[in-house]
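Hi everyone, thanks for having me. I'd like to walk you through a few helices and one loop today, so let's get the picture up.

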Amino acid sequence: MAWLIVHGWVCTMEDPPGVIEDGAVAIEGDRIAMVGTTAEVRARYPEAEALDAQGQLVLPGNLCAHTHFYGAFARGMALHDEPPAHFPQILRRLWWRLDRALDERAVRLSALVAMVDAIRHGTTTLIDHHASPSCIDGSLDVIAEAAVEAGLRVCLCYEVTDRNGPEGARAGIAENVRFIRRVQRWRAEGDPRGSLLAAAFGLHAAFTVGPETMARAAAEAQALGVGFHIHVAEDTADEGHSLTVYGVRTVERLAREGVLGPQTLCAHCVHVDAAEIALLARTQSKVSHQPRSNMNNAVGVAPVAAMRSAGVVVGLGTDGFAHNMFAEMKTAYLVHKVHARDPRVMDAEAVLSMAYRENARIAALFWPHPLGVLAPGAYADVILLDYRPYTPLTAENFPWHLIFGIDGAHVTTTICGGRVLMKDRRLLTLDEERIAAEARAYAPVVWERFRAIAEAERGG
């Protein structure tokens, strides 16, 4: 049975994007059946129930190409150490202590609070990269259950690394293999979880994964027919380590060891050079850009324009920042200008392309139907925004409305796979107040574990 969204400003995000004043979207099951004017769609579906957008913007649900749900408990947490002076210290003094402090309950709550945030800001598809060394086995199932409860579209992987010893590396590989097979089984059997959930093979980064572990992971991924999700050249330390230990730069090493390819997603790529960019393009590897995180970690600004010019697909992620993709778009628009000292760099059309079309090409690695677009056959991932433009809004100027006007705070309704997750700013699938209260009560437990780990590492 079809149902409709009517009387909205429908922004299709097709290439080129279309804007339909008094537009409508027809939804059947988890897919979009028709897009047109309200009159046209109502004529096709005269008996269908309708949600009246009342002049709101109607957009595709946003996509996040790289995030970390597990970092939720870092908000407001004391480090119990000197402030990190560079990225390797940030990893050692914050993230590699926090991930070890997580147990199953903390993993679940981290995922749920991130999903509340995503729904609130209209982000319906998220590609996560998980780590919890003290709770590896079954950790992806815990996150998957939270995603199904929330009703969001989520791709999961476990970050394989050698930094927690050979047993931790083997457990990480086994968790990826187990979960990938489970998702493949769901899809083969037509289980509805298979339409929401996807899986990649997670690796942390080249500088924490040795040749033996990488070879085992590559063999397993090849046998399963999947690609990798891995951090690449986020900091100069990654490139320096690769040159010192392996005699080649990071991207070349990953290519040699069978990690790169059309199904692989490389997060960051801040410090890749021209030869590495050419190799990313030649292998058809995909890249996600996280400007807010890169600024926060002071690691630099990725050569996004050069990668896109070379034919590399570059999307946008958050790296665990709040899942307001509109904020990420604005940051991408601004940081490249100040970095290049050229206001012509990274215009609004380029940002729109990365956030929707290129993120959709990344999502196509994991889901069989189109995302990031309002068009027949695409997944019915739709958001409504209470944005009232005070200048004309057209297909030609929409990218500049996106950058200078629209924000996640405008989102009133979030729909994923035809299911309404939030209506009129009221969450329908998750109890935000209960989840926040439970997380707030459990945060001191996680923080105490973090403190103990920090003291033990310092010999305290």
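This is a predicted model: local features need pLDDT of at least 70, side-chain atom pairs count only at pLDDT 80 or more; totals for chains, interfaces and linings use all residues.

Okay, helix H3. This one runs over residues 104-120, which makes 17 residues. From its first C-alpha to its last, H3 reaches 25 Å, close to the 24 Å expected at 1.5 Å a residue. Is H3 mostly covered, or mostly open? Mostly covered: twelve of its 17 residues are buried. Buried here means under 20% relative accessible area. Among the buried ones you'll find Val-107, Leu-109, Leu-112, Met-115 and Ile-119. After H3 comes Gly-122, and its phi is positive, near 75°.

Now the first pair. Find helix H2, residues 87-98, and helix H16, residues 432-458. At what angle do H2 and H16 pack? About 130°, with their axes 10 Å apart. That makes H2 oblique to H16, because an angle between 115 and 145 degrees is neither roughly perpendicular nor roughly antiparallel. The crossing of these two, H2 and H16, is right-handed. On the H2 side, the residues that touch are Arg-92, Arg-93, Leu-94, Arg-97 and Leu-98. Across from them, H16 brings in Val-446, Phe-450, Ile-453, Ala-454, Glu-457 and Arg-458. Sort that contact by class and you get six nonpolar residues, five charged and no polar.

H13 passes H14 in a right-handed crossing. Which residues meet here? From H13 we have Met-325, Phe-326, Met-329 and Tyr-333, and from H14 Ala-348, Val-351, Ala-355, Tyr-356 and Asn-359. By class, the contact of H13 with H14 has eight nonpolar residues, one polar and no charged.

Last stop, Gly-225. You'll find it in the loop between helix H7 (211-224) and strand S11 (228-232). Gly-225 is partly exposed, with a relative accessible area of 43%. And how far is Gly-225 from Asp-235 in space? They're ten residues apart in sequence and 30 Å apart in space, C-alpha to C-alpha.

Note on methods:
Residues are numbered from 1 along each chain as its sequence is written. Side-chain values use heavy atoms; hydrogens and water are left out. Helices (H or I, at least four residues) and strands (E, at least two) are DSSP runs, numbered from the N terminus. The expected span of a helix is 1.5 Å times one less than its number of residues. Buried means under 20% relative accessible area, exposed over 50%, partly exposed in between (1.4 Å probe, protein chains only). Axes are lines fitted to C-alpha atoms, for helices over the stretch in contact, and angles run from 0 to 180 degrees between N-to-C directions. Angles under 35 degrees count as roughly parallel, over 145 as roughly antiparallel, 65 to 115 as roughly perpendicular and the rest as oblique. A crossing is left-handed if the near helix is turned anticlockwise from the far one by less than a right angle, and right-handed if clockwise. Contact means heavy atoms within 4.5 Å. Ala, Val, Leu, Ile, Met, Phe, Trp, Tyr, Cys and Pro count as nonpolar, Asp, Glu, Lys and Arg as charged, and the others, Gly among them, as polar.
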